[in-house]
Amino acid sequence: MKNGLSLFNPAGRISRRRMPALLWPGGFCVLAGLLWPSVMQAQQTFPVNGVADPRINCYAFTHATLVKDPQTTLANATLVIREGRIVTAAPGAAVPLDAVVIDCKGKYIYPSFIDLYSDYGVTVAPRAGRNYGAGPQFISSTKGAYNWNQAIRAEVNASALFAADFGKAATLREAGFGTVLTHAQDGIARGSGAVVTLAAERENKVLLKARASAHYTFNKGSSTQDYPGSLMGCIALLRQTYLDAQWYKSQPAREGQNLSLQAWNENQSLPQIFEAADKWNVLRADKIGDEFGVQYIFKAGGNEYQRLPEMAATKGTFILPVNFPAAYDVEDPNDARFLALSDMKHWELAPTEPGAFEKAGIPFCLTAADLKDVKSFLANVRKAIDYGLTPEKALEALTRVPASLLKISDQVGTLEPGKLANFLVTSGPLFNENTVLYQNWVQGIRYVLKNEGWQDIRGTYTLSVNGPQGNSQYTLLLKGSANTPALVVLQQDSIAGTFNIEDQFVKIAFPLTKNGSRTLRLSGLAGAGSWNGTGLDTSGNPVKWTSTYANGYTPTADSSKKKVPADLGKIYYPFLGDGFETKPKQQDILIKNATVWTSESESVLPNTDVLLRGGKIAQIGKNLAAANARVIDGTGKYLTAGIIDEHSHIAISSGVNEGSQSVTSEVRIADVINPEDINIYRQLSGGVTTSHLLHGSANTIGGQSQLVKLRWGANAEEMKFTNWDPFIKFALGENVKQSNWGDRQRERFPQTRMGVEQVLYDAFTRAHDYDQEGPGKRRDLELDALVEILHHKRFITCHSYVQSEINMLMHTADHFGFTINTFTHILEGYKVADKMKAHGAGAGTFADWWAYKMEVLDAIPYNAMLMQQEGLTVAINSDDAEMARRLNQEAAKTVKYGGNTEADAWKMVTINPAKLLHIADRVGSIKTGKDADVVLWSDNPLSIYAKAEKTIVDGIVYFDRDLDTQMHQRITAEKNRLVQKMLAEKKKGGGTQKAVPTRDDHYHCEDLQGGHQNDLLDGDAVAEAGQ
Amino acid sequence: MKKIFLAISFLLAGYNMVLAQETVYPAPAQTSVIFLKNATLHLGNGTVIENGVIGFSQGKIIAVGANAPIPAAIKVYDLQGQHVYPGIIAPNTNLGLVEVEAVRATDDATEVGELNPSVRAIVSYNTDSKVINTLRVNGILLANIVPEGGLLSGSSSVVQLDGWNWEDAAYKTDNGLHVYLPRLLVRSNPFGPGAGLGNDVIKSSLDRIEKLKVFFREAKAYLAEPKHTATNLKFESTRRLFSKDEKLFIHCELVKEMLIATQFADEFGFDVVIVGGTDAWQIADILHQKNIAVIVNQPHSLPLSQDDDVDQPYKTPAQLQKAGVLFCIGNEGFWQQRNLMFNAGTAAAYGLGKEEALRAITLNAAKILGIDKVTGSLEVGKDANIVVSTGDILDMRTNNITQAFIQGREISLDNKQKQLYERYKYKYGIK
């Protein structure tokens, strides 16, 4: 029922002392849904137009099963409320004289739910569709004394924007909610949230707490500003803003007034809520929190169950959504071809999330956020209960936990005297499948959710019909469910009729004989004592009728049992088809009788044994023996050190470029490692064990890179190569001057190679001055990284092509007193190899790429050899997820182009990149004491016919060709099991969603926005440009 | 600004070209008889002849065998320990149509318009492209030059890679028309075309395909009538397709698309070749049964789905071969063609075997392109398109081309990149 259309005011109809039995037998409350903004006591300051109508709204709910809190259930109890608050809640409590009594025999009363993640009544600007063809926007377009970045909206207060939305409130109340924390869901810092109730009343009355929380996300929302354009940029922006806000406390004159930073600081004392929306993003947010001493409450995304230990380690409380995915429509196998097992498994396991959190002891509450239809909320919570959540915990998560997080436990969450009268009246235990929510009282105002069944009218009745044909008597039976009873006319051959009761109006219709074609139709009022009314008989003559209650109805016991889902699949690490059910363990491994390519001075050791122990290469020699070691026969096979890819963009989440500014040294690939990139596994299958994950090449000074080992199944932190010298990506040439970005991108400095030099001089000059600055300076993450370079604590790997720019960068570095560690791409390195040697730079290059853009027209496949012959340390690297699986072949091309020796060619993908990365003392060759990162090949590793049979990292076998075959059989079997399960779900009438291809993003250097999938599955990637 | 920039780029490019291969001349016609002896002959049809002899005269092979008699007093190369192969054929490339991918002015591969059957790639083929000689040096002697753009993009032609101009280079002109089928898949790219459109994307794709069929139906009717008041060049250019003098190359990848491709054979009787066919391994038996040939995408590709076998693209050729499908191996792009033989090498390693892998870039390619009567294998009577390598041509570790002959003409193996190599060896004093 819509607001304002209620039929009558209940308080006016119901006597003060005792509610009359509107319907015989006893106490059937015929109450319409009511939304009537005036029942609550009027605000003192507001004038009344008319005669004042003050109410105290005292009600007593008697004989109820009162669930005061998840642990306290009182049978046959009385709840008394007055002026919107609870007065007493106890068995046998006195009923005040001025209370309206509502008999709740057989009914349950629960605290209404609280949702911490809502935008109720707070509308935000629609997200502007980003116009990729438009020119760049460097600073915020928000008018006023606010932050430079448009996505930092700490100054926004939800309470100031809040406007009660009665329609939306009604929907939320129907789902069981009485209170929500609402906030403006826009921006990376979203300002403060407000606690409001869902009563349909003036904002002044429903606003419980104006500044209750502070909100953050990784989503820039409606901001049209370019920065940040990547997840790592979002993280850097948040970190810098924490620092800026701290600095702002000193009221720096240079900054003037910054209302955003001021509000940011004021918001810090509030509960801090971070919408992470994904398991890895939870960990990313938590890291920011740890750095700045903030414990976030995490709004989850639904896949956190896949990494419970990591979630527990955050020590945060979670707000879990219950928008469990619908089954995929997999009827067409060709359409479902690209739906990955990971998505299918998530469908099956998502409802286990709340239960899994409970078992793991991770505190959480539940939210209706993310649901397409709030109406499905309770059904989904019940589903979570079927999948392992206990009802007590569910109630806890909906009431006491959120109240306590927001420090509003004195107001809501349990049914204690003094708290708001926010409660649900239900037909039975809240989470039972058939339980009906009848009423949701908010601040002492009744909102009827469902009338039908409040009174159980089932039973037998004597119906007397008087008409021209005389008087006829019938015996009626109302059976079925209390909500929608079904009518049977009892006689020798019983007749099914139709019965309907809406509010207090009754409709009865039935044929006089079984299969009779004509129907007797009656309409009337369900009054106290009896029902009566008028109608038309089967001949169309008017009749009058009365119906009196004879006997009750004993329903057959509910035989439905808790649905315990059987055969749930297992969680994989990582959560992909090629993941492990249990993570592989480090082993002592003895590889016998292999041809060992060492990448050391004695390059080939025939018929040699290598012992791996404790994750290290323990021994190299002939006829080695080791008790308890796993022995692998290497006869006829080749053992090498694992391949090191000096230039990789795999395993990175949500953007490889923060290309929005020419200098972004503050961003870090370390923040956005994606341990579940299938390319990790694919590259293990090509013998890669260590990858240097680089920022892209869209700007001159890009982001900080991260070295990882390909530890398949680990989390981001575990993948990191520990204790390495940090690096940063620089870039020169066409990409940084936006040569191939289209006609609109002509504004960002630099647009020429002349400008690139100036970007570098400017950045390092600023860094130098910053370094000299005294105490109290604004800490600048961008300059911090550059100062590290000046102090030789961070090293540069620079994307570069033509000789002029290579020369320029070395001059710039010389000027500032540091060395360019590595030039990558460096396709014209052969032209200035002598200068690079003199400078002390190394090179990581491609074997044979060229002709894809102007600056590679002079690229030659002899480049690597010429540089090597000039004495440079030269690596062959990939920059490409496909080629990285075949770096052994790319190294072999130096044998073909320029006549490299096989030993030196092999070094180009092992010890040489290790040297460039300053890790040659630990990896890159087969030498006693080094990390046990080795690959067993079927053939000469440089040969096109060579296959990596086993790839071992830290003595752990992460790729094994035999195991891979089994893994793929498992994928087939598991997929089929889930397909059949989804088909059954569809057959049952469960909703389905389209089986769209699962995304596997991968990146090249120049990808500006989201990455791209396999080209064949991708649409046109946005703003993408060559290599 | 852009124009100025491009102009500058071009001046630079022009400067570079002066350095490059301008003194590498196309070889003159074969005048003397040539014999190669003591080589391992890989005929391209699966046969290997150890210590073989091959002779050719006036551009044609006149002798192949283990002990073929060598006439006296002619040019004989003793290739002790070396391997002889048919010239490798790149079956699907925009070589000579594009010089620098990122520079629009150098791109002549993609025409506008949905139905362009009368467009001909051959007339844009630039024999002076600096890329061509970088392919020859790895063993590629022939290439099918393919137009792109729209739905029906025009006709391809096979060229030999040693000519003064495109007329010289033309090896088989207008061997087929090329159709690029729209993707019949709801994409998941949140930014891409058709994102979120659900079935509408499929429907609009199917509508486009239906328009193509209507075009062919009307073309067929048009061609049945000998006299026309208004000549339709588009219909005219399909004449050789209906007479099977030309093939219909349909570029598509996924099962549903390939099934649609087979409809063009069923309805119109065209000689259909699937180009791409990434998922052809899933319907190899159907393709075999319907005699549909496949130019399969390069094995050096990522699997389509995270659940696919990690080596699926590597083993697709072997799966097609096992099912009896006529297929050859393709490679993307133009400069990338120099890795075609290594793609075949990978397929060899993953179940295809070396000689079958060689066949997949020589004889099978010739069959699919309609030139197998004159080339594709080392057989008497065929053109002397021959490559000599010191080692296995399929493996980059051993691929080392010492000699190559196109129609009996011994071609130069020099190129711009070798010249730059020499230039900087000179600079650094490297011998």
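Domain bounds here come from an automatic or database domain assignment. On that basis, the C-alpha centres of domain 1 of chain A and domain 2 of chain A lie 31 Å apart.

This is a predicted model, in which local features need pLDDT of at least 70, side-chain atom pairs count only at pLDDT 80 or more, and totals for chains, interfaces and linings use all residues. Residues are numbered from 1 along each chain as its sequence is written, while chains are lettered from A and ligands numbered from 1 in the order in which they are written.

**Domains of chain A**

| Domain | Residues of chain A |
|---|---|
| domain 1 | 1-42 + 54-112 + 413-456 |
| domain 2 | 113-124 + 144-411 |
| domain 3 | 459-552 |
| domain 4 | 570-575 + 583-641 + 927-959 |
| domain 5 | 643-923 |

Between domains 1 and 2 of chain A, 25 residues of domain 1 are in contact with 31 residues of domain 2. Contact means C-beta atoms, placed from the backbone, within 7 Å. On the domain 1 side, β5 (108-111), β16 (437-442) and β17 (445-448) of chain A each supply at least two residues. β16(A) gives the most, with three residues. Strands (E, at least two residues) and helices (H or I, at least four) are DSSP runs, numbered from the N terminus.

**Helix α7 of chain A**

Helix α7(A) covers residues 279-291. Its 13 residues reach 19 Å from first C-alpha to last, close to the 18 Å expected at 1.5 Å a residue. That expected span is 1.5 Å times one less than the number of residues. The helix is mostly covered, with 10 of 13 residues buried. Buried means 20 or more other C-beta atoms within 10 Å of a residue's own, with C-beta atoms placed from the backbone. W280(A), L283(A) and I288(A) are among the buried residues. The buried residues pack against α5 (231-248), β10 (272-275), β11 (297-299), α8 (308-313) and α15 (716-719) of chain A. Just after α7(A), G293(A) takes a positive phi of about 70°.

**Cores**

A nonpolar core is a set of buried Ala, Val, Leu, Ile, Met, Phe, Trp, Tyr and Cys residues joined through C-beta atoms within 7 Å. The largest has 404 residues. L79(A), I109(A), I250(B) and I361(B) are among those with the most contacts inside it. Beyond its neighbours within four places in sequence, I361(B) is in contact with residues including I88(B), C328(B) and A344(B). Apart from this core lies another, of 17 residues, including V465(A) and L520(A).

**Confidence**

The model scores ipTM 0.93 and pTM 0.92. Chain B averages a pLDDT of 92; pLDDT is the predictor's confidence in each residue, from 0 to 100. It stays under 50 over residues 1-19 of chain B.

Terms used: A residue is buried if 20 or more other C-beta atoms lie within 10 Å of its own, exposed if 12 or fewer, and partly exposed in between; C-beta atoms are placed from the backbone. Two residues are in contact if their C-beta atoms, placed from the backbone, lie within 7 Å.
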